[in-house]
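Visitor: I would like to learn how to read the features of a model like this one. Please take me through it step by step.

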Amino acid sequence: MPTAPFPAPRAAAASSGPTVAIDIGGTKIAGALVHPDGTMTATTRRPTPRGVDGDGVMAAVAEVVAELSESPLWASAVRCGIGSAGPVDASRGTVSPVNIGAWRDFPVQERVVAELAAHGADLPTVLAGDGVAMTAAEHWLGAARGHANALCMVVSTGVGGGLILNNQLHPGPTGNAGHIGHISVAFDGEPCVCGSRGCVESIASGTAIARWALDHGWKPSDPASDAPSGTEGGGADATAAGVAAAAAAGDPIALAAFDRAGRALAAAIAATATLVETDIAVIGGGVAAAGDTLFAPIRRHLAAYATLSFVKDVQVVPAMLGTHAGLIGAAAAATMLLPSSSS
C-alpha cells in the first residue's frame, strides 16, 4: 500500500471521508474502508461460499459489511463502491458472475445498500465490474497514473478491461465499456463462448493459452518428478502458469502459445488506441505474471499493428497494484462516478 498521500480520484475529491469498498470474486469477498490518500483500514475478507444459493453468498457479503461497521471510522464513510466479477449490469445493479454460479441477475447493489442501511450508513453506492474497478485503481495509484487516456486489462481465466478517457472513468451505460476480451481479432477464428468468433479471450486468456498448447502437443511436466502429464505422479501443471514456465525454459510450443496470445492482445490494443487514442495499455491478472514471456511478444507485434502516427507510441506496461486493485478500484470507481454533491 502507498504510504505517501495521493490526490483523490476526480469527481468526488472534495469528500474527505472514507469509501466503503467491497470486492466480490469467485474465491473471496473482501471489504475495507479506503481513505482519500489511498490507504486502507478495517480490511476483512471471507471465502466465497460454495454449494449455497444466492442468499447464502450474500450472507458472506453481509458479514463483511457488518465487520466494517465495527470500525470507529464507519460513521464518517461517504460512499460505497462494489467491484464484482462479471458479467455485470450496472444500470440495473445486477451481477451474473461466471465464477459464482448461485448469482444470476442477482441484485447485489440493492442488497448491499440494504445492508449498509441496516448498519446506519445510508450511502450512495456504485457497482463496477472487476475490469472497470482495476482500471480506476491503476489510474488513481498505479501504472496509468498521470495518463489522461488509458486502456487497462485483466488477463486471467478470461480477459476484461476498462477505459479512462479524458481523465474520466468510462464504464458505459451498463458498466461494460472497455471489455476488450470480446473484440474479435480473427474474423474467421474459432467460436468464442460469447457467441462471436475470434475474440481476444478465446486466444489470449489463460484457459485459451493452455488449451492451445495442449492441442499442439505440449506436454506439461510434474514439477516434483518431471514426469509427463498423465503419468504416475499426477502433479503436472497444465495451466497457463505451466505453459509460461515451459516457455521461459525455451519450449517451442509454449513459446508459440504465448506469441499467439501476445499477437491477439497487440491487435486489440492497437484497435482500441486507434479508436479512442489511448496512449497506454496496462495489463494485470494472473497471465501477466508471466512477465516478459507475455509482454515481449505483445510489444513486438504491436509495432506491426499500431502504425499510425497517433498510436505508434502507445506503451504497454504491467499493472502495479496486484491484489490491492479490487478494493482500491471499487473505492476509486465510486469516487470517480459519484458526483461530489453526493457526499
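The dialogue below goes from the whole chain to single strands and residues.

Visitor: What kind of model is this, and how many helices and strands does the chain have?

Guide: This is a predicted model. The chain has 9 helices and 12 strands.

Visitor: Which radius of gyration does the chain have, and what would a compact globule have?

Guide: A compact globule of 343 residues would have a radius of gyration near 20 Å, and the chain has 20 Å, so the two agree. Along the principal axes, the C-alpha atoms fill a box of roughly 60 × 55 × 40 Å.

Visitor: How far apart are the mean positions of the positive and negative charges?

Guide: They are 5 Å apart, for 18 positive and 28 negative charges.

Visitor: Which strands pair with E2, and in which sense?

Guide: Strands of a sheet pair through backbone hydrogen bonds, either parallel or antiparallel. Strand E1, residues 19–24, pairs with E2 in the antiparallel sense over 6 bridges. E2 also pairs with strand E3, residues 40–47, in the antiparallel sense and over 6 bridges. For landmarks, look for Ile22 opposite Gly31 in E2, and for Val34 opposite Met40 in E3.

Visitor: How are these strands connected along the chain?

Guide: E1 is joined to E2 by a hairpin through 3 residues.

Visitor: Which residues other than glycine have a positive phi?

Guide: Asp105 is one of them, with a phi of about 55°. Asp105 belongs to the loop between strand E6 (94–95) and helix H2 (108–118). Its relative accessibility is 47%, so Asp105 counts as partly exposed. Asn167 is another case, with phi near 65°. The loop that holds Asn167 runs between strand E9 (159–165) and strand E10 (168–169). Asn167 has a relative accessible area of 19% and is therefore buried, the cut-off being under 20%.

Visitor: Where is there a cis peptide bond?

Guide: Look between Gly86 and Pro87, where omega is about 10°. Pro87 sits in the loop between strand E4 (79–84) and strand E5 (88–89).

Visitor: What is the strand order of the open sheet that contains E9 and E10?

Guide: The order is E10-E9-E8-E11-E12, with mixed pairing among the 5 strands. E10 and E12 (315–318) stand at the edges with a single partner strand each, so one side of each has no neighbour in the sheet. Within this sheet, E8 (residues 150–155) and E9 run antiparallel and are joined by 6 bridges. Met153 stands opposite Gly161 in E9.

Visitor: What can a single helix residue tell me about its surroundings?

Guide: Consider Thr272 in helix H7, residues 252–276. Thr272 counts as buried because its relative accessibility is 9%. Leaving out residues up to four places away in sequence, Thr272 touches Leu151, Leu163, Ile180, Ile183, Glu277 and Thr278.

Visitor: Is Ala240 buried or exposed, and which residues does it touch?

Guide: At 12% relative accessibility, Ala240 counts as buried. Ala240 is part of helix H6, residues 240–248. With residues up to four places away in sequence set aside, Ala240 touches Gly206, Ala210, Phe258 and Val287. Ala330 lies 90 residues from Ala240 along the chain, and their C-alpha atoms are separated by 27 Å.

Technical notes
Residues are numbered from 1 along each chain as its sequence is written. This is a predicted model: local features need pLDDT of at least 70, side-chain atom pairs count only at pLDDT 80 or more; totals for chains, interfaces and linings use all residues. Side-chain values use heavy atoms; hydrogens and water are left out. Helices (H or I, at least four residues) and strands (E, at least two) are DSSP runs, numbered from the N terminus. The radius of gyration is taken over C-alpha atoms; the globule rule is 2.2 Å times the number of residues to the power 0.38. Lys and Arg count as positive and Asp and Glu as negative; His and the chain ends are not counted. The place of a charge is taken as NZ of Lys, CZ of Arg, CG of Asp or CD of Glu. Two strands pair if DSSP finds at least two bridges between them. Buried means under 20% relative accessible area, exposed over 50%, partly exposed in between (1.4 Å probe, protein chains only). Contact means heavy atoms within 4.5 Å.
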